[in-house]
Every structure is written in C-alpha cells, then in structure tokens.
Amino acid sequence: MAPPLLPFTLARDQQVLVEGDRLLAGPEASALGLREARRRAGMPLTVETLGIDAFEAQLAALYQGGSGGDDAEDAFSFDLEENANGRGPRDLLEDGEEAPVIQLVNQLLRRAVRAGASDLHVEPNEGGLRARMRVDGMLQSVLDRQDVPVRRVVSRLKVMAGLDISETRLPQDGHIALRLGGRAIDVRVSTLPGNYGERVVMRVLDRSAGLMPLEQLGLRADQVSVLDRMAGRPNGIILATGPTGSGKTTTLYSLLQLANDEIRNILTAEDPIEYDLPGISQSQINAEIGMTFAAGLRAALRQDPDIILVGEIRDQETASVAAQASLTGHLVFSSLHANGSVGAVVRLRDLGLDDFLIAATLRGVIAQRLLRQLCKTCRRAAAPTADEARHFRAAKLAVPDQLYHPVGCAACNTTGYAGRVGVFEILEVSEALRAAIDKGASELEMKDVALAPDQTLFGQSLHQVAAGKTSLAEALRVVGDAL
C-alpha cells in the first residue's frame, strides 16, 4: 500500500486529506492546508467537506494501515550520547524527526497495534534486545539485534509509562495512553528485573475496536438464547471463567449490553476499564489507595444498583460480598480463574464460600477459550483418520466427511491461521446441579449432572472443527484436556 501523500501531522492539524483525486476537508480545514494539499497533489482535486467524526474516521483509515516504515529499524543508527528522556507520548504516526531510540519504540508499538497484537514483549538478553508480539495467542519475533542500546529503550518505555527510571531492582507497573491515526490505544506496562536488564511486557488494548455482537464471538444461536435468559435474571451470580487473554471481559461486556434495557441501574468496578459502555457507570479499581474489588463492590451497593459487574473475584472478601449482594436482590457479573464451568464451583469453595451459599446464589457459568481460525486462503481438506474420528465419537458427535488442516501462505504470514474464534461451555445452574452443589458433590459428579459430552469446551471446539473454522490440532492444543 502506497504511503499517504500528506504527512500525518499536516493532515491532522490542517484537517485535509488527499485520497486519489479527492480532497477531503474537515470542518476546521485551513486555507494553508488546502493550498498545500493541492500543491503536493499536482493535479485538480474534487473538494469534499466532512464532519469531524467522518474526517477522523477517514484519517485513521488512511494512515493506520500505511507502511509507515515499520521495517525501518534496520536502518537506524544509535547515537549513545543522545538523551533518551524525550517528550511524553504523542501520536505514533508523528515520530519522523525524533531520536532513533524513540523512533524504534514508536515503531514497535505501531507494528503491534497494526498486527492486532494483544501483547508486546521487550526482552534484554546477552546478545542485545529481542522484541516479540503475541498475535492470535502466539508469539512472533519482530526484532532481534545486538547494537540496540537496551537500557535506553527500556528507559524510554518507562518514561512513557510514568515509571521511575532510576529504580531498576523492583518490578513496576504503569500505563501509556497513545493514539494511532485517531485510534485510542491503551497500553498496560509491566517491568521485571532480569539478568541482562529489565524485561518489559505491554498489554495492548485498542479502545476504538468496539465490541462484537455475540454471534461473531463464536456463540451458537442456542447459546445466545441461554445468555439472553441469564442476563434477564433478577438476581444471582453469573461468572465467566478461563485463562488470561481468553476473552472473559469481552463476554461480560456483551452480557451487560444484553442487560442494559435503560430501566435498570448498572454499575461496574473494573481493573482496567477496557471499553466505554454508554449508559453504564464504570469505576476504576486502584488497590494502592484501598479501592479494591471488594471495596468497589461495597460502594456500588450503596448506589441503588440493579446489576453490578465486578472485574474479578480473586479473594474471599470479594466472593463473600458478591454472594451477599446476590442474596439481597442484585444481579452480579464477574470473572473467575477456573479451568471449566463446573470448576468455578470448586474455586468458590476454595475461596471460602459454603456449599449452601453457592447453591443459593450461582445462576450460570461461562467457560471459554479462543481457538485460532484456519486461513481460508490456504487451508487443505482431508478425510479424517481413525484417530481423529475417535474424538468425535467420544463426544457423541457425527464424524465429518472431511477435516481442514493449516498449510501457510503469505496471507496468514505462513502460520496457516488468521484470527481467532471463541468456544464456550455454558452452564446454567439447574435444580439437579443446585442439589449436587448443596450436597458437596465432587467436580466429576457435578459435571456428569450438568454437561453432556458435546456441551463441554472440547465438544464445542469439535463443532468448530467440523465447520472447518479451525483444525483438530488447534482444538487439542487449547482445550484437549477439557473432554
């Protein structure tokens, strides 16, 4: 893709864009900007006036996908005398005249955002510096060089995140607010001292990406109807479980949107607030000043709520307050670290809740994982082997005529996969399961009562395999132990 005709700063500040033979002008476009755009184009242009929202959308679309020199770090020469403490974070498209270290940091962040990466790792080692980004759940190397001034790169990231650059012996956590061509990007930064310097891991959140409808998350129609029924409950606890990065927060937000009918008061206590939800009051957790999940939940209960979202239940106090809130007529959404839906009951017991209290308050659990989707350009079909067919029979599913396998091409960066799809194990607490919980049944006993083989995480992943969306190898890698 050819780079845009106008420099990003000129286009943004003067509110002018050149796209083909069109000159797009924002509501505050200047005469200087219009003249300069025509001069650079060197041909007649048709002027179109846009509102501010439309202009910013065009600005983001035109500049965020450009090449922008993402591979240019090979051409950098690092002057070790330069001061790494540059100005604060700016738009990542605006680094053309910055020092090489700042350019490198900005380009690494820019590449991560453009690739849709969830995390960016900056790792000092004995050979210099390595940078990797996690795309579709898998790490990819984007930089591995020996001539990079490691401490200055790390210092630059710490300055951007508001961390203490003189403290290199203790872990630190911070936050960077960025923009990329009009898109709001939040970056959570974590540092950890190591043998060869401080390792920095950044969680990248694109606030402008928005929430997808439930159907696009990978939920089947019958599962959507179950979630709709859960969101309409007057009270109780509904949990989302799964490992870090499995999409629990996205699912909870989607449930909130289902429940947001304008006649119920909805409050949240989150860490961090990942998306702005219209019509919902959201509060940021800050444990350093005593604003814990339990404290936030208690405060929310004094605000006449109907529905409360607690970002995570991670201790006995939060679990106890959530149970009491549900008993007093509130619907509580939260996330919990457990391997499966039935495992959430065991985890609540571990946190100190009595069986009768869990049975009285728990209404539903959503366990989920994310599977990489096969690249539609290069996937290949083959008849299932006897070993592959065995998995379908064990889950009491029909063996498909053919299964798809990854190959790898330029479109998917030779990985064979592009994008991810969710698989969901949805447990709606029935009377039979409530009785089993109350009796203190084991996880295996509860699973027999609650879930058919095709409703487990692995059974649901086999539905995606049969539909050609993912491979059996990927299902076994991610949820193979959940059958």
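This is a predicted model: local features need pLDDT of at least 70, side-chain atom pairs count only at pLDDT 80 or more; totals for chains, interfaces and linings use all residues.
Residues are numbered from 1 along each chain as its sequence is written, and side-chain values use heavy atoms, with hydrogens and water left out.

**View 1. Helices α4 and α5 pack at an angle of about 65 degrees.** Helix α4 spans residues 100-114 and helix α5 residues 150-160, with axes 10 Å apart. Helices (H or I, at least four residues) and strands (E, at least two) are DSSP runs, numbered from the N terminus. Axes are lines fitted to C-alpha atoms, for helices over the stretch in contact, and angles run from 0 to 180 degrees between N-to-C directions. The two helices are therefore roughly perpendicular to each other. Their crossing is right-handed (the near helix is turned clockwise from the far one by less than a right angle). From α4, the contact takes in Val101, Ile102, Leu104, Val105, Asn106 and Leu109; from α5, Arg152, Val153, Arg156, Leu157 and Met160. Contact means heavy atoms within 4.5 Å. By class, these residues are 8 nonpolar, 1 polar and 2 charged. Ala, Val, Leu, Ile, Met, Phe, Trp, Tyr, Cys and Pro count as nonpolar, Asp, Glu, Lys and Arg as charged, and the others, Gly among them, as polar.

**View 2. Helix α13 packs against helix α14.** Residues 431-438 form α13 and residues 443-450 form α14. The angle is about 170 degrees, and the axes lie 9 Å apart. That makes the pair roughly antiparallel. Ala432, Leu433, Ala436 and Ile437 of α13 meet Met446, Val449 and Ala450 of α14. The contact has 7 nonpolar residues, no polar and no charged.

**View 3. Arg372 and Arg379 each place a charged end over a tyrosine ring.** Arg372 sits over Tyr417, 4.0 Å from the ring centre. Arg379 sits over Tyr404, at 4.1 Å. A charge sits over a ring if NZ of Lys or CZ of Arg is within 6 Å of the ring centre and within 35 degrees of the ring normal.

**View 4. Asp136 has a positive phi, and so does Thr414.** Most residues other than glycine have a negative phi. For Asp136, phi is about 55 degrees. Asp136 lies in the loop between β5 (128-135) and β6 (138-145). For Thr414, phi is near 65 degrees. Thr414 is in the loop between β17 (403-405) and β18 (417-428).

Notes
Angles under 35 degrees count as roughly parallel, over 145 as roughly antiparallel, 65 to 115 as roughly perpendicular and the rest as oblique.
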